[in-house]
Amino acid sequence: MTERADLVVVGAGIVGISIAYQVARRSDRTVVVVERGGGVGEGLTGASSAILRCRYTHPEVVALARDGLRAYRHWDEFCGLAEPAATMVETGVLWLMGQDRASVEADAARLRELDVDADVVAPTDVARRFPALSDCGEPFDLTGDEPHVCRPYDVALFEPRGGYADGPAAATDLVEAARRRGVDVRFRSEVTGVRVQGGRIVGVEVGGFDRIDAPVVINAAGPWCNRINRLAGLDLPWTLDPTRVQVIFRDWPAELGPLPVTADASGGVYFRPDARGARVLMGSILPDDEEEVVDPDRLRRVADASFRDVKIHALHHRIPGLAHRGAVVGIAGLYTINRQDVHPVVGPTDLDGFWVANGFSGHGFKLAPMIGSMVAQALTGERASFDTDVPIEFFAVDRDPIVVGDKTVLA
Ligand SMILES: Cc1cc2nc3c(=O)[nH]c(=O)nc-3n(C[C@H](O)[C@H](O)[C@H](O)COP(=O)(O)OP(=O)(O)OC[C@H]3O[C@@H](n4cnc5c(N)ncnc54)[C@H](O)[C@@H]3O)c2cc1C
């Protein structure tokens, strides 16, 4: 069977479905999203910590995170759904990064200039709002070999309007929103071929047999992106590595009070509330905890006991009142890390009609609504509400690598 569409998007993760929705809300192009899984959340989006924060190095990325956060904050309006499944939880984001006062103040000023609320807070301010958190600012030896003496930090950065959402719920909402605008979202449909003729895209092959002809195909296949590029015969100049990362969960006793999203350099972790405050979710901010994966289909999905045992110390150090008893469970997911500059590559490639939106390096959930906006503006030339002004060229495939201090998930 051969069908026709104006645009085929490969992958219904948060990035692919955002692109499809954003194209459909500003044009009458026929859009088909082809997803090999049985539902949303089969890839990275299903495991995402879904943290929404704006402290990034580059003004363009800060602006994209800010604009994305605005979409998540007004999610019902953004999706055009009266009762969306996802809601943003605005806990604030606390940055305990071991910075001195001048550097925290500079960070806050830089963010405010970009229209992001940012406060410089002292330990007493933090204790009033989040009494469970210790005020230690000293690096912590997680193996316990080195003696540790807690000493309070001077000041920290706080993004009061940051927080988190829910990956699969947000993607489910976008599927519904896209379908209402005529997008054909197909699950259990694997792209098995990318068809090229005379140096340009002519469509995809699905399930080894069916064909969808289309002048534009977008690779939004998350950690499987290299496979799709290979099917198109494309060798991108970017190293996009599927990389295993782990997250653990613990019950959260209500008597310990509220928690913000916290980045905690002293223990090399981040954590946030989960399950409507009934649990705490914790992951690592250290590249040493990341593990390159050859085949994303062969991911060990359960967290390692060694990861759980070590990281839980970091949580107890930051939250001394948390009982040492209690089950700790963990999962593993994948980042697609762009080794050159830990930022995504988004836009047209040398192969006429073939676009990519890949390599999100741990930032893809918060950026996704505005990646959709950038791609849709570039494809249709039309603007819509909630659009970002950041040009798509910032992430262009033929750019030079973006200069970052540390090539980490916090870049
Ligand atoms: C543990 C963890 C924590 C994270 N925390 C955060 C965070 O706090 N904040 C943040 O902004 N980001 C975070 N991220 C990153 C973020 O979740 C991802 O960048 C984002 O979900 C990427 O979405 P995607 O649509 O590109 O990929 P995916 O969600 O992986 O979607 C790709 C889809 O393509 C499909 N597919 C693959 N091959 C084919 C094929 N041949 N045919 C059809 N379909 C195909 C897959 O089934 C998949 O559903 C985190 C990621 C992980 C793993």
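Helices and strands here are DSSP runs, numbered from the N terminus. With that naming in hand, here are some close-up views of this predicted model.

**View 1. D115 sits in the loop between α5 and β6.** Helix α5 covers residues 101-113, and strand β6 covers residues 119-121. Take a look at the backbone of D115: phi is positive, about 70 degrees, although this residue is not a glycine. Is D115 buried or exposed? A residue with 12 or fewer other C-beta atoms within 10 Å is exposed, and D115 has 12 such neighbours, so D115 counts as exposed.

**View 2. F386 also has a positive phi.** The value for F386 is near 70 degrees, in a residue other than glycine. You will find F386 in the segment after α10, the helix of residues 364-380. Because 18 C-beta neighbours lie inside 10 Å, F386 counts as partly exposed.

**View 3. Strand β7 pairs with β5 and with β6.** The pairing of β5 (residues 93-96) with β7 is antiparallel and has three bridges. Within it, V93 has E159 of β7 as its bridge partner. Strand β6 is likewise joined to β7 by three bridges in an antiparallel arrangement, and here V120 is opposite L157. What covers the faces of β7, residues 156-159? Both faces are covered: A156 and F158 on one side are buried, and so are L157 and E159 on the other.

**View 4. Four strands form an open sheet in the order β1-β12-β11-β10.** The pairing in this sheet is mixed. At the edges are β1 (2-4) and β10 (191-197), each pairing on one side only. On average, neighbouring strands are turned by 25 degrees against each other, direction ignored. Inside the sheet, β11 (residues 200-206) and β12 (residues 210-213) run antiparallel and share four bridges. For a handy landmark, find E205 opposite R211 of β12.

**View 5. Helix α1 packs against helix α7.** Two packed helices are described by the angle between their axes and the distance between the axes. For α1 (residues 14-24) and α7 (residues 167-180), the angle is about 30 degrees and the axes are 9 Å apart. Angles under 35 degrees count as roughly parallel, and α1 and α7 are therefore roughly parallel to each other. The crossing of α1 past α7 is left-handed. On the α1 side, the contact is made by I14, I17, S18, A20, Y21 and A24. On the α7 side, the residues are G167, A170, A171, L174, V175, A177 and A178. This contact has 11 nonpolar residues, two polar and no charged.

Conventions. Residues numbered from 1 in each chain as written. Predicted model: local features only at pLDDT ≥ 70, side-chain atom pairs only at ≥ 80, totals over all residues. Buried ≥ 20, exposed ≤ 12 C-beta atoms within 10 Å, placed from the backbone. Helix = DSSP H or I, 4+ residues; strand = E, 2+ residues; numbered from the N terminus. Pairing = 2+ DSSP bridges. Axes fitted to C-alpha atoms, helices over the stretch in contact; angles between N-to-C directions. Parallel < 35°, antiparallel > 145°, perpendicular 65-115°, else oblique. Left-handed = near helix turned anticlockwise from the far one by under 90°. Contact = placed C-beta atoms within 7 Å. Nonpolar A, V, L, I, M, F, W, Y, C, P; charged D, E, K, R; others polar.
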